[in-house]
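I opened the model and kept notes as I went. These are the entries, in the order I made them.

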Amino acid sequence: MKHGWVQRIDSATPPGRDRAVDALRAFAILGVVLGHWLVTALVADSGTVHGASPLAHLPRLTPVSWVFQTLAVFFLVGGQVGAQSHASARARGVTYLQWLGSRWARLFRPVAAVLTVWAVAAVAMLAAGVGVDTLHTLLKLVLSPLWFLLVFAGLTAATPLVARLHPLWPLAVVLYVDVYRFGFGGPAWTGWINVAAGWLVPYCLGAAWARGGLQSRATGWLLLLGGTAATAGLVLWGGYPASMVGVPGAAISNLNPPTLAAVTFGLAQCGAALLLRGPLRRVLARPAAWAAVALVNLSAMTVFLWHQTAMMAVTAAGLLAGHPLPGLHTAPDGPGWVLARLAWLPVFALALLICWAAFRGYEQRRPRRDGRRTVREVQPLRVVEMRRA
């Protein structure tokens with residue numbers, strides 16, 4: 001039957017599900033993936049491989065970081081889903097530990113798979129004579145994106161405490177930390193306070209959304225315009241870098257740890273996301289559009305965890321050519337590299353599709369029995385519930 005699977009996905013979706021939430025989550029994950037593929041280069045040089053960024057050589061590419069640094073949207077959706085899920089679990093009599101264990105399992109089961117594979121790969125590469133510097137570069141690319149999962153897991157655990165916290169409180173913490181370390185010469189380590197406080201801002205906005213707030217378009221415009229104006233002011237007159245991701249060699253990174261500029265930029269992103277809810281709901285009423293979003297969400301963690309591995313696999317396979325390939329092994333120091341890298345993106349996507357086929361089972365967990373109850377997750381392709389046996 002033509003498009004039968006599309007219709008099955010559409011009919012299996014609960015009528016009350018907010019499809020815009022799933023679309024925003026998919027946008028956030030795919031934004032991170034494409035951003036990493038565009039601003040991360042592996043340069044082959046004298047038998048070693050080291051990382052580089054086109055942003056260090058081509059400042060005109062800075063707007064790329066504005067488009068593809070979408071973590072604030074992910075935390076916004078995470079706060080909305082987390083607060084809603086916890087409230088629903090409490091109403092059903094589910095304990096906090098049961099709820100948290102279920103949420104954490106969905107995060108860390110696929111993480112365990114990627115860590116196991118790379119532990120074996122690291123030993124194999126060392127045995128094959130791969131240099132320590134090259135191995136360090138590869139492992140850093142795989143492991144460094146995991147930091148945000150640890151932050152997200154911590155915020156998820158704190159959901160009962162922060163679900164009603166006004167986002168102005170963590171925003172004030174970020175402001176005070178930056179004033180202290182940049183304005184008064186405070187120690188650099190204080191910036192790491194912003195790892196929790198900075199991402200707590202969009203998470204609290206998401207929790208407010210779950211409680212029925214943030215519904216007016218005026219709120220969305222206030223966040224979008226206010227966040228944009230604040231970010232522009234901080235970049236133009238506050239000394240913050242324009243790139244919303246780290247640039248090798250830069251004195252300040254907006255992301256590692258998050259700065260006030262990164263947080264205000266995130267507020268603008270959250271405002272845009274809230275304004276897009278209506279249009280997204282109308283578009284996703286079409287079964288084909290919804291099916292694409294649902295499939296991405298079913299394997300969002302798998303896509304995120306394996307996208308760097310897919311890029312590295314293509315890079316390693318390219319070495320068989322016997323000479324550096326443009327956009328794959330060459331230094332990202334000119335427009336030619338950018339055009340060549342764009343041509344490699346479909347190849348990266350194909351490699352990621354292979355990784356997805358191999359490892360998606362670790363994310364798409366089966367129902368499990370827990371005492372008198374059957375604990376199941378709510379996923380786009382099946383309507384599931386927590387019921388008494």
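**Entry 1: Leu-34**

I began with Leu-34, which counts as partly exposed at 31% relative accessibility. I found Leu-34 in helix H2, residues 19-39. I then took a C-alpha to C-alpha distance from Leu-34 to His-307 and got 9.0 Å. Along the sequence, Leu-34 and His-307 are 273 residues apart.

**Entry 2: confidence**

This is a predicted model, and I looked up its confidence next. The chain has a mean pLDDT of 87. I noted that 92% of its residues reach 70 or more. Where in the chain is confidence lowest, and where is it highest? It is lowest in strand S5, residues 387-388, with a mean of 32. It is highest in H13, at 97.

I also marked residues 367-389, where pLDDT stays under 50. The model has 58 contacts beyond four places in sequence for residues 367-389.

Is Gln-80 buried or exposed? Gln-80 is buried, at a relative accessible area of 5%. I listed its contacts, leaving out residues up to four places away in sequence. Gln-80 touches Val-21, Gly-206, Ala-207, Trp-209 and Ala-210.

Gln-84 is also found in helix H5. I read 45% relative accessibility for Gln-84, which counts as partly exposed. From Gln-84 to Cys-355 I got 32 Å, C-alpha to C-alpha. These two are 271 residues apart in sequence.

**Entry 3: Arg-103**

I went on to helix H6, residues 96-127, and picked Arg-103. Arg-103 counts as buried, because its relative accessibility is 18% and the cut-off for buried is under 20%. What does Arg-103 contact, leaving aside its neighbours within four places in sequence? I found Val-81, Gly-82, Ser-85 and Thr-156 in contact with Arg-103.

**Entry 4: H8 against H11**

Helix H8 spans residues 147-157 and helix H11 spans residues 193-210. They pack at an angle of about 65 degrees, and their axes are 10 Å apart. The crossing of H8 past H11 is right-handed.

Sorted by class, the contact has 8 nonpolar residues, 1 polar and no charged.

**Entry 5: the cores**

Trp-199 came up again in the largest nonpolar core, which has 82 residues. I listed the residues with the most contacts inside this core: Phe-75, Leu-149, Trp-199, Leu-305 and Phe-348. I followed Leu-305 and left aside its neighbours within four places in sequence. Leu-305 is in contact with Pro-110, Val-111, Val-114, Leu-146 and Leu-149. Another core, of 8 residues, lies apart from the largest one. Its residues include Ala-23, Ala-291, Val-293 and Ala-294.

**Entry 6: Val-173**

Helix H10, residues 168-183, holds Val-173. At 34% relative accessibility, Val-173 counts as partly exposed. Beyond four places in sequence, I found Val-173 in contact with Ile-193, Asn-194 and Ala-197. I also checked Val-173 against Val-245, 72 residues apart in sequence. Their C-alpha atoms are 21 Å apart in space.

**Entry 7: backbone checks**

Leu-214 has a positive phi of about 60 degrees, and it is not a glycine. Leu-214 is found in the loop between H11 and H12. Its relative accessible area is 15%, so Leu-214 is buried.

I then noted a cis peptide bond between Asn-256 and Pro-257, with omega about 5 degrees. Where does Pro-257 lie? Pro-257 lies in the loop between helix H12 (217-237) and helix H13 (260-275).

**Entry 8: Ala-343**

I finished in helix H17, residues 335-359, at Ala-343. Ala-343 is exposed, at a relative accessible area of 54%. I took the C-alpha separation of Ala-343 and Asp-22 as 29 Å. They are 321 residues apart along the chain.

Notes
Residues numbered from 1 in each chain as written. Predicted model: local features only at pLDDT ≥ 70, side-chain atom pairs only at ≥ 80, totals over all residues. Heavy atoms only, no water. Axes fitted to C-alpha atoms, helices over the stretch in contact; angles between N-to-C directions. Helix = DSSP H or I, 4+ residues; strand = E, 2+ residues; numbered from the N terminus. Left-handed = near helix turned anticlockwise from the far one by under 90°. Nonpolar A, V, L, I, M, F, W, Y, C, P; charged D, E, K, R; others polar. Buried < 20%, exposed > 50% of the residue type's maximum accessible area, 1.4 Å probe, protein only. Core = buried A, V, L, I, M, F, W, Y, C linked by side-chain atoms within 4.5 Å. Contact = heavy atoms within 4.5 Å. pLDDT = per-residue confidence, 0-100.
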